[in-house]
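Have a look at the structure first, and then we'll go through its strands and its charged pairs.

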Amino acid sequence: MKSLKVVFLGTPEFAKTSLEAIHQSHHEVVGVVTVADKASGRGQKINQSPVKIYAVENNIPVFQPEKLRNPEFLEELKKLEADVFVVVAFRMMPKVLFGMPKMGTFNLHASLLPDYRGAAPINYAVINGEEKSGATTFFINEKIDEGNILLQEELTLLPDENAGSLHDRLMEMGAKLVVKTLDGLAENSITEKPQPEVENPKNAFKIFKEDTRIDWTKSSKAVHQFILGMSPYPAAFTTLKIGEEEKGLKIFAGKFEISNHGKTVGSLEISKNEFKIYTEDGIYFPSELQLEGKKRMNIKDFLNGFRNFDEIKMA
């Protein structure tokens, strides 16, 4: 089978798995483009992206341009004479870059396009209680996530699956799909197809801090799916009032029951043995949580940390 020369563009762990799959295939990774190293944390330790770490360990040339239109960077990439560019969890690219290789540039997206275009497809598939999700490879054009589809594969969501476990399953599945796409392009056996015209495709906009607040006026099922869809990252939160102090409370997991409780929606009952929050149509029982300034813990350890439950209210 024909081997393709590939430039890979990506940053996080999700992308690294695809890079590793290409590197272990018969295709050749001639270069990797990733974000610049960043200083973070208290000690301002320099952090390298998972993609860069893998590339350096495997002696693959790495490019970390601040600007993707930088002429010197573009000239260096041209010299690699790649057949195709592969993009996984990277950033917006100018046409001067994605139009460079003769076979084009394709992207791996963690949804069944045209649904869930955008930055957070995995989170929204869980939040919306989808029964299936999947991965799509498609040629990049000037519109976000709207290029012609190459290959698509679907998977069924597991009961009570959270965004973290779906991420990991799609990461593995997506890596295989990337190699399959390269094989198909090498053999000229893939017919690209325009994305279906959908009147109201489901969106997966970028999630900001204010988007992660739990709305207790929703149904118990909607609250449950929202918490799963934000878990473990960026994490759904609510606010407690402990005495005079307000503290954020992240909730990672729990269960619910439907009931006509007659209580104020969004109020809580808390004691040594249980913690329940009243929703529109029932009760939510958090099982894994993290109070601002504390570590993540199970409900038993969380409740053991309090002496006076009377002073705890929903803010």
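How many bridges join strand β6 to strand β7, and do they run parallel or antiparallel? Four bridges join β6 (residues 84–88) to β7 (residues 105–109), and these two strands run parallel. One example is V87, whose bridge partner in β7 is N107.

Before going further, a word on where this comes from: the model is predicted, so local features need pLDDT of at least 70 and side-chain atom pairs count only at pLDDT 80 or more, while totals for chains, interfaces and linings use all residues. Residues are numbered from 1 along each chain as its sequence is written, and side-chain values use heavy atoms, with hydrogens and water left out.

**The sheet**

Strands β6 and β7 belong to an open sheet of seven strands, in the order β5-β2-β1-β6-β7-β8-β9, with mixed pairing. Here, strands are DSSP runs of E with at least two residues, helices are runs of H or I with at least four, and both are numbered from the N terminus. Two strands count as paired if DSSP finds at least two bridges between them. At the edges stand β5 (62–63) and β9, each with a single partner strand, so one side of each has no neighbour in the sheet.

Helix α1 packs on this sheet and touches β1 (5–10), β2, β6 and β7, where touching means heavy atoms within 4.5 Å. The direction of α1 makes about 170 degrees with that of β1; axes are lines fitted to C-alpha atoms, for helices over the stretch in contact, and angles run from 0 to 180 degrees between N-to-C directions.

**The salt bridges**

A salt bridge here is a side-chain nitrogen of Lys or Arg within 4 Å of a carboxyl oxygen of Asp or Glu. By this rule the count comes to 14. Three of them are listed here:

| Pair | N to O distance |
|---|---|
| E13 and K16 | 3.3 Å |
| D37 and K52 | 2.9 Å |
| K180 and E153 | 3.8 Å |

E13 and K16 sit three residues apart in helix α1 (residues 13–23), which puts about one helical turn between them. E13 is partly exposed at 38% relative accessible area, whereas K16 is buried at 19% (buried is under 20%, exposed over 50%, partly exposed in between, with a 1.4 Å probe and protein chains only).

D37 is partly exposed at 30%, and K52 is buried at 10%. K180 is partly exposed at 47%, and so is E153 at 31%.
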